[in-house]
Amino acid sequence: MIAIQPLLIGSFYSRTILMKSLSERAQKAQNEGSQLASEAIINHRTITAFSSQKRIMGFFRKSMKGPKKETAKQSWISGFGLFSSQFLTTASVALTFWYGGRLMAQGKIESKHLFRVFFLLMSTGKSIADAGSMSSDLAKGNNAIRSVFAILDRKTEIYPDDPNGIEIKRSIKGCIELKNIFFSYPARPNQMIFKDLSLTIEAGKTIALVGHSGSGKSTIIGLIERFYDPQSGLVLIDNRDIKSYNLRKLRSHIALVSQEPTLFAGTIHQNIACGKEDATEAEIRKAAMLANAHEFISSMKDGYETYCGERGVQLSGGQKQRIALARAILKNPEILLLDEATSALDSVSENLVQEALEKMMVGRTCVVIAHRLSTIQKADSIAVIKNGKVVERGSHSELLAIGRHGSYYSLIKLQSGILPFSFCKC
């Protein structure tokens with residue numbers, strides 16, 4: 001039994017390792033097909049809209065051809081390997097009983113000695129094989145524990161609850177200043193978004209940011225919210241570096257309505273109430289009325305208790321945007337950031353919401369991003385962002401007065417469908 005112990009250990013060990021490796025290979029081979037199937041299920045509406053079911057199925061069949069060949073190959077390997085392992089184990093047991101039987105027949109040992117040695121060495125061999133097969137799992141577990149502790153020990157560069165930060169007890173004025181900002185996103189460090197950008201926003205005034213897509217308008221809002229820190233330069237609020245504030249307290253005085261508003265998987269009432277912790281029912285309904293959302297909410301069967309669905313999937317884009325506006329109105333912030341806040345609304349709803357926003361903007365600092373320039377003509381100031389800098393700034397009439405060589409003038413003409421004179425061929 002001791003002589004055939006390595007054979008037993010090898011059989012048990014190879015069987016365990018073979019089953020694990022086959023499972024991992026099959027999972028890896030089918031990874032592409034599984035990912036495609038998952039994306040197809042999540043985006044089934046888009047696939048249905050474009051009648052692409054057959055095309056997606058074709059992609060899936062094509063992605064599964066490789067795994068099919070790999071599975072056929074693995075089945076031969078696994079069949080031979082498992083057969084060999086099982087055969088060697090059974091042969092070892094048969095050899096033990098045959099030789100033990102001969103010794104018993106010769107009167108050299110008793111039956112209890114045979115079974116005692118057999119079960120002892122069999123169980124020992126299996127335990128050794130199991131321990132050996134777990135060595136790779138232990139190594140993986142060690143790496144997993146290291147990664148977990150690395151995450152736990154990691155210190156964020158932007159700490160929201162800095163105990164040494166300035167806590168705003170009542171309110172802020174809302175004066176914002178960006179000084180000599182150089183910034184690039186961490187994922188694209190070589191692509192500079194801002195190159196020596198400077199911008200001042202007076203307290204209680206409304207400034208509109210315009211420019212081509214990718215010019216950095218939304219990035220300015222990200223810097224004001226301190227989602228990122230610039231590589232160099234300062235972001236000041238009320239003449240204090242934004243880094244000196246307790247960030248969580250500062251953000252409680254800032255409201256953001258983004259181009260693609262995020263709703264939580266709760267009721268409409270719960271989503272609006274996110275704007276203020278202790279909001280009353282009357283305040284929530286008033287905010288919904290100002291955002292032109294009360295009418296469509298009341299027309300629903302469950303009213304304010306209507307379930308929004310995951311990421312607000314049960315509501316249309318315009319409805320989600322109006323609920324996000326109501327949430328911002330309820331918060332009643334000193335600084336209001338609007339990133340294409342009316343982009344998903346129809347013209348009638350947009351006019352009503354625009355009137356509500358204009359009333360809400362009075363007396364507070366507002367930063368508005370809009371591609372439809374007709375919605376920001378009443379802003380106190382308009383800044384044109386181009387190539388990471390502010391190239392023009394002034395009121396609507398002042399910027400138009402610059403003439404056809406001005407960037408704002410060109411944007412207005414392009415949006416109205418009339419090219420500037422310099423582009424005409426006449």
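Trainee: How many helices and strands does the secondary structure of the protein chain come to? And which residues are closest to the centre of the largest pocket?

Mentor: The secondary structure comes to 15 helices and 10 strands. Both are DSSP runs numbered from the N terminus, helices being H or I with at least four residues and strands E with at least two. This is a predicted model, in which local features need pLDDT of at least 70 and side-chain atom pairs count only at 80 or more, while totals for chains, interfaces and linings use all residues. Residues are numbered from 1 along each chain as its sequence is written, and side-chain values use heavy atoms, with hydrogens and water left out.

Now the pocket. The largest one has a volume of about 620 Å³. Its lining has 19 residues, and Ile254, Leu256, Cys274, Arg327 and Lys331 are the closest to the centre. Strand E6 (254-257) and helix H12 (317-331) are the elements that each give two or more residues to this lining. By type, the lining divides into 10 nonpolar, three polar and six charged residues. Here nonpolar covers Ala, Val, Leu, Ile, Met, Phe, Trp, Tyr, Cys and Pro; charged covers Asp, Glu, Lys and Arg; the others, Gly among them, are polar. A pocket is an open set of points on a 1 Å grid over the protein atoms alone, where a 1.4 Å probe fits and protein lies on both sides within 12 Å along at least five of seven lines; lining residues have an atom within 4 Å of a point. The volume is the space filled by probe spheres set on the points, which are joined across faces, edges and corners.

Next, the chain around it. Buried residues (under 20% relative accessible area; exposed is over 50%, partly exposed in between; 1.4 Å probe, protein chains only) make up 38% of the 426 residues. Contacts (heavy atoms within 4.5 Å) between residues at least 6 apart in sequence join residues at least 24 apart in 70% of cases.

Val368 gives an example. It sits in strand E8 (residues 365-369). Val368 counts as buried because its relative accessibility is 10%. Beyond four places in sequence, Val368 touches Thr206, Ile207, Ala208, Leu209, Leu338, Met361 and Ile376. Its C-alpha atom is 9.7 Å from that of Ser218, 150 residues away along the chain.

Helix H4 (residues 53-105) holds Ser63. Ser63 is buried, at 9% relative accessible area. A polar atom of its side chain lies 2.7 Å from the backbone oxygen of Phe60. Beyond four places in sequence, Ser63 touches Glu32, Gly33 and Leu36. Leu82 is in helix H4 too. Leu82 is partly exposed, with 29% relative accessibility.

His396 belongs to helix H14 (residues 396-401). His396 is buried at 17%. It touches Gln377, Ile382, Tyr408 and Ile412, leaving out residues up to four places away in sequence.

Asn180, in strand E1 (residues 176-183), has a positive phi near 45 degrees without being a glycine. Asp196, in strand E2 (residues 194-201), is not a glycine either, and its phi is about 60 degrees.

Last, confidence. The mean pLDDT (the predictor's confidence in each residue, from 0 to 100) of the chain is 79, and 89% of its residues reach 70 or more. Over residues 418-426 pLDDT stays under 50, and the model has seven contacts there beyond four places in sequence.

Technical notes
A polar contact is a pair of N or O atoms within 3.5 Å; within protein, one must be able to donate a hydrogen and the other to accept it, and residues adjacent in sequence count only if both atoms are side-chain atoms.
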